[in-house]
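Please keep the model in view while reading.

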Amino acid sequence: MLPTHTSTEERDVRVALLPVGSFEQHGPFLPLATDTVVACTVAAEIAEAHPVRLLPPVTISCSHEHAEWPGTVSISAATLHAVVRDVADSLRRAGVPKLVLVNGHGGNYVLGNVVQEAGGDMALFPGMDEWEEARAAAGMQTSGISDMHAGELETSILLHAHPELVRPGYERADHLADDRRHLLTAGMARYTASGVIGRPSLASAGKGRDALASLAGAFGHCLAVLDQQGQGARQGGDERQDAVDDGDGEALGGA
């Protein structure tokens with residue numbers, strides 16, 4: 001749960017979670033905020049199991065391929081990049097040096113570049129491997145390629161965590177379009193009339209529960225890698241500082 005006031009009870013941690021969602025069409029039965037709900041749900045599961053600080057979400061991101069459906073709103077990749085960097089800088093000044101981007105929208109490609117540039121101070125979670133492991137753990141029948149949007153995975157997570165947000169109709173909304181090679185150029189509308197690419201009819205609350213449990217468990221490795229990077233950075237920083245004190249070192253720089 002997010003804190004509602006400043007308190008000394010707030011956990012002293014080195015890692016914060018920033019859920020990043022989107023505001024885009026998800027067919028006729030899931031809400032525009034589906035990706036944000038998914039990212040927040042995954043982040044909440046992680047925060048229950050690991051020592052992290054949970055932040056409020058980024059709710060609008062890069063959904064340009066969905067622009068032909070009413071309700072979709074986007075910001076530029078450059079803006080999303082800047083927002084994430086600003087959040088990371090603010091956290092660092094407040095004594096939280098590491099940031100994990102819990103991404104719920106596959107179109108946020110720029111987040112990979114933000115992490116790449118952060119020099120070990122950021123991570124992107126879940127990655128493709130963690131999502132596939134979650135699908136397997138939940139017994140999902142649709143592959144990651146086929147289950148692209150408003151399909152078995154997303155519908156299952158919402159049926160488990162927020163069933164009130166799922167409208168009737170997902171049971172009859174299956175649509176597959178595995179060959180989407182021109183998606184970024186032509187947009188989603190070239191491949192689906194309903195906005196759905198996947199098999200939501202296979203969704204269940206139990207699958208959503210098991211997928212979330214898998215993701216929460218998998219986060220432990222991500223946290224360990226971040227901590228190792230931090231230890232290396234601190235050791236390197238100490239060595240550089242000692243060299244500076246001895247008069248023969250280099251100036252310190254931050255990501």
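The model is predicted, so local features need pLDDT of at least 70, side-chain atom pairs count only at pLDDT 80 or more, and totals for chains, interfaces and linings use all residues. Residues are numbered from 1 along each chain as its sequence is written, and side-chain values use heavy atoms, leaving out hydrogens and water.

**Aromatic pairs**
- The structure holds two aromatic pairs (Phe, Tyr or Trp rings, the six-membered one for Trp, with centres within 6.5 Å; stacked under 30 degrees between planes, edge-to-face over 60, tilted for the rest).
- Phenylalanine 29 and tyrosine 170 form a tilted pair, 6.3 Å centre to centre with 50° between the planes.
- That pair links distant parts of the chain, 141 residues apart: phenylalanine 29 lies in the loop between β1 (15–20) and α1 (34–49), and tyrosine 170 in the loop between α5 (152–161) and α6 (183–186).
- Both phenylalanine 29 and tyrosine 170 are buried.
- Phenylalanine 125 and phenylalanine 219 are edge-to-face, because their planes stand at 85° and their ring centres are 5.2 Å apart.
- Phenylalanine 125 sits in strand β4 (residues 122–125) and phenylalanine 219 in helix α7 (residues 205–245), 94 residues apart.
- Phenylalanine 125 has 1% relative accessibility, so it counts as buried.

**Helix α1**
- Helices (H or I, at least four residues) and strands (E, at least two) are DSSP runs, numbered from the N terminus.
- Buried residues in α1 include Thr34, Val38, Val42 and Ile46.

Technical notes:
Buried means under 20% relative accessible area, exposed over 50%, partly exposed in between (1.4 Å probe, protein chains only).
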